[in-house]
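Student: Hey, I have a new structure to look at. Can you walk me through it?

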Amino acid sequence: QALKALSYNMKLGIGGVVTFKNGKIDRFLNQISLSEIVLETDAPYLAPVPYRGKRNESSYLVEVLNKVAEIFHTTPAEIAEITTRNSKDIFGI
């Protein structure tokens with residue numbers, strides 16, 4: 001499904017599910033170029049671990065950021081820089 005979305009020139013929005021034990025996103029995410037990924041909250045739903053079950057909010061995005069950095073074996077700063085640039089490209093800013 002991810003490759004199909006990318007074939008339509010879309011980006012993949014990665015949210016709290018990436019932190020879930022059975023979310024399965026971590027099994028393939030590192031096979032996708034970081035240039036194709038943006039981070040999202042899915043707020044008010046799908047809060048990341050350790051806030052799972054609570055109302056999701058923007059401040060929890062750091063948990064998604066940290067998990068994506070772990071998956072790509074890089075720093076949260078690098079992930080933040082790349083995914084911020086990707087989101088700006090989407091919105092033309």
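This is a predicted model: local features need pLDDT of at least 70, side-chain atom pairs count only at pLDDT 80 or more; totals for chains, interfaces and linings use all residues.

Student: Ok, how many helices and strands does the protein chain have?

Tutor: The protein chain has three helices and two strands, in the order α-β-β-α-α along the sequence. Helices (H or I, at least four residues) and strands (E, at least two) are DSSP runs, numbered from the N terminus.

Student: And how much of the chain is buried?

Tutor: Of its 93 residues, 33% count as buried. Buried means under 20% relative accessible area, exposed is over 50%, and partly exposed is in between (1.4 Å probe, protein chains only).

Student: Switching topic: how many salt bridges are there?

Tutor: The count comes to three salt bridges, each being a side-chain nitrogen of Lys or Arg within 4 Å of a carboxyl oxygen of Asp or Glu.

Student: Why would such side chains pair at all?

Tutor: Side chains of opposite charge can pair when their charged atoms come close.

Student: Which one links distant parts of the chain?

Tutor: Lysine 11 and glutamate 36 form a salt bridge at 3.9 Å, N to O. Lysine 11 sits in the loop between helix 1 (2–7) and strand 1 (12–14), and glutamate 36 in the loop between strand 1 and strand 2 (37–39), 25 residues apart. Lysine 11 is partly exposed at 29% relative accessibility, and glutamate 36 is partly exposed at 25%.

Student: What about the salt bridge of glutamate 81?

Tutor: Its partner is arginine 85, with the closest N and O atoms 3.8 Å apart. Glutamate 81 and arginine 85 are both in helix 3, four residues apart, about one turn of the helix. Glutamate 81 counts as exposed, at 52% relative accessibility, whereas arginine 85 is partly exposed at 42%.

Student: And lysine 67, what does it pair with?

Tutor: Lysine 67 bridges to glutamate 70, with their closest N and O atoms 3.3 Å apart. Both lie in helix 2 (residues 61–71), three residues apart.

Student: Last one: where does isoleucine 90 lie?

Tutor: Isoleucine 90 is in helix 3 (residues 76–91), and it is partly exposed, with a relative accessible area of 45%.

Technical notes: Residues are numbered from 1 along each chain as its sequence is written. Side-chain values use heavy atoms; hydrogens and water are left out.
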